[in-house]
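Subject: Structure handover

Hello,

Here is the structure I promised to pass on. Please open it and keep it beside this email while you read.

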Protein chains: 2
Amino acid sequence: MNTPSTPQLLVFDVFGTVVDWHGSIAREVRALRPKVDAEAFALAWRAGYQPAMQRVRSGELGWTLIDDLHRLILDQVLQQFGLTDLSEEQTRHLNKVWHRLDPWPDVVAGLARLKKRHTICTLSNGNIGLLTNMAKRAGLPWDCILSAEVFHAYKPDPMVYLGAAKVFELPPAAVMMVAAHQDDLAAARTCGLQTAYIERPAEFGIKQRKDVSPDPANTRHARDFLDLAAQLGC
Amino acid sequence: MNTPSTPQLLVFDVFGTVVDWHGSIAREVRALRPKVDAEAFALAWRAGYQPAMQRVRSGELGWTLIDDLHRLILDQVLQQFGLTDLSEEQTRHLNKVWHRLDPWPDVVAGLARLKKRHTICTLSNGNIGLLTNMAKRAGLPWDCILSAEVFHAYKPDPMVYLGAAKVFELPPAAVMMVAAHQDDLAAARTCGLQTAYIERPAEFGIKQRKDVSPDPANTRHARDFLDLAAQLGC
């Protein structure tokens, strides 16, 4: 790995990197309907995510917020799992579970350390309201909520990565994308950003282990946010 | 005044309401060139603000960030005050003084109290980078940085006020605009937002007192953010 200059701005992927969507969704679904396979439900919901965004990227759908894409997917997943008796209010509440995702255990302390020497922002496909509600509930101390919603483009569109650098008038090399997904980091790297991979081996649950092996193309490879803070001298 | 339901979201004007642009700019100009009338310089710079935004609103200029509008005005004000010997680097640094404005003394404590029971966001014509840098330097604990930059429209365009409500999926009446300027509040009220006027009698310096008398059309009239927190039961 190369050892470039310290980034001024750290931008974070959120779903999977900052928060445990799988565990949080499974817990709420289990509480709602104990007999449903809550882990499979969470996986099915998330599996609809990239295809739904692709409908926006391709122009099939106009600009649509993640809250609304989540709802389109949820309506199918509820059918698939036989949960057709939820009221509209229950369904809306469940759809907002993405606003109530819990952070991984290292996140709040790690962000507090990283924030001392860096500007820390979300750079998520999640919408601004979702990310703000999540941060307020979980105590995530972002300096700024940046979202695909600001740029009207979804990652991995270069407009999102380059847009973040532009917002702060920084060259892309002064920005580090932090994510638990190699494809997100690869797209950021193509735009000239530094990249930090975070291992989240339980992102898809403990039954389905994830490949978290290093890619030498990344600037950093960290176990978690505390490890990243240590590597960046925070 | 009517006594409506407690707002869920508080959105704040920034220049003059949260931070003392006049005092902060005068101090930097005085340090740079002791013989210049620093207070008049600050007033002249700010006086160019609405006309510059009007060029964007009217379509004469395409979408332009406040940092860039500030620079257009600054170049004229530097001429006007005979400061034609600044280097490009000094001029750029001075232009960024808007990122380094100091908050009024009640602001940090007031926002901390308001944040406990409300979501607190900027709703400023300032650009996202400016507002984030300012918040980081001054310790302003925003839940979210909302800016004209998100909506590509400058206040008092209704898109800004209604856009803030939409981001959080709230009816306008669940949002309160907080500002030290009656015209900003009047525009917000037209969109259905609640409004809180904050007295900032020294906004234009202590030599030029400002009319801070109440307008009964506002939902609240507060001396400062601590007073607003008390009125909202925080």
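A crossing of two helices is left-handed if the near helix is turned anticlockwise from the far one by less than a right angle, and right-handed if it is turned clockwise. Keep that in mind for the helix pair below. Please also note that this is a predicted model.

Start with chain A. Which way does H1(A) cross H2(A), left-handed or right-handed? H1(A) passes H2(A) in a right-handed crossing. Helix H1 of chain A covers residues 21–32, and helix H2 of chain A covers residues 38–47. The two pack at an angle of about 125°, and their axes are 8 Å apart. On the H1(A) side, the contact is made by Trp21(A), His22(A), Ile25(A), Ala26(A), Val29(A) and Arg30(A). H2(A) brings Ala38(A), Glu39(A), Phe41(A), Ala42(A), Trp45(A) and Arg46(A). Of the residues in this contact, eight are nonpolar, one is polar and three are charged.

Next, the domains. Chain A is assigned two parts: domain 1 (9–20 + 102–231) and domain 2 (21–99). Taken over C-alpha atoms, the centres of domain 1 of chain A and domain 2 of chain A are separated by 22 Å. At their contact, 18 residues of domain 1 of chain A meet 15 residues of domain 2 of chain A. Which helix gives the most to the domain 1 side? Helix H7 of chain A (residues 128–138) does, with three residues. That side of domain 1 of chain A holds six nonpolar, seven polar and five charged residues.

Now look at where the chains meet. The contact takes 13 residues from chain B and 13 residues from chain A. On the chain B side, helix H7 (128–138) and strand E3 (144–147) of chain B each give two or more residues. H7(B) gives the most, with five. The chain B side divides into seven nonpolar, three polar and three charged residues.

Last, the sheet in chain B. Six strands form an open sheet, in the order E3-E2-E1-E4-E5-E6, with parallel pairing. Its edge strands are E3 and E6 (220–222) of chain B, and each pairs on one side only. From one strand to the next, the twist averages 25°. Within the sheet, strand E1 (residues 9–12) of chain B runs parallel to strand E4 (residues 175–179) of chain B, and four bridges join them. What is the bridge partner of Val11(B) in E4(B)? The partner is Met177(B).

Best wishes

Terms used: Residues are numbered from 1 along each chain as its sequence is written. Chains are lettered from A and ligands numbered from 1 in the order in which they are written. This is a predicted model: local features need pLDDT of at least 70, side-chain atom pairs count only at pLDDT 80 or more; totals for chains, interfaces and linings use all residues. Axes are lines fitted to C-alpha atoms, for helices over the stretch in contact, and angles run from 0 to 180 degrees between N-to-C directions. Two residues are in contact if their C-beta atoms, placed from the backbone, lie within 7 Å. Ala, Val, Leu, Ile, Met, Phe, Trp, Tyr, Cys and Pro count as nonpolar, Asp, Glu, Lys and Arg as charged, and the others, Gly among them, as polar. Two strands pair if DSSP finds at least two bridges between them. Domain bounds come from an automatic or database domain assignment.
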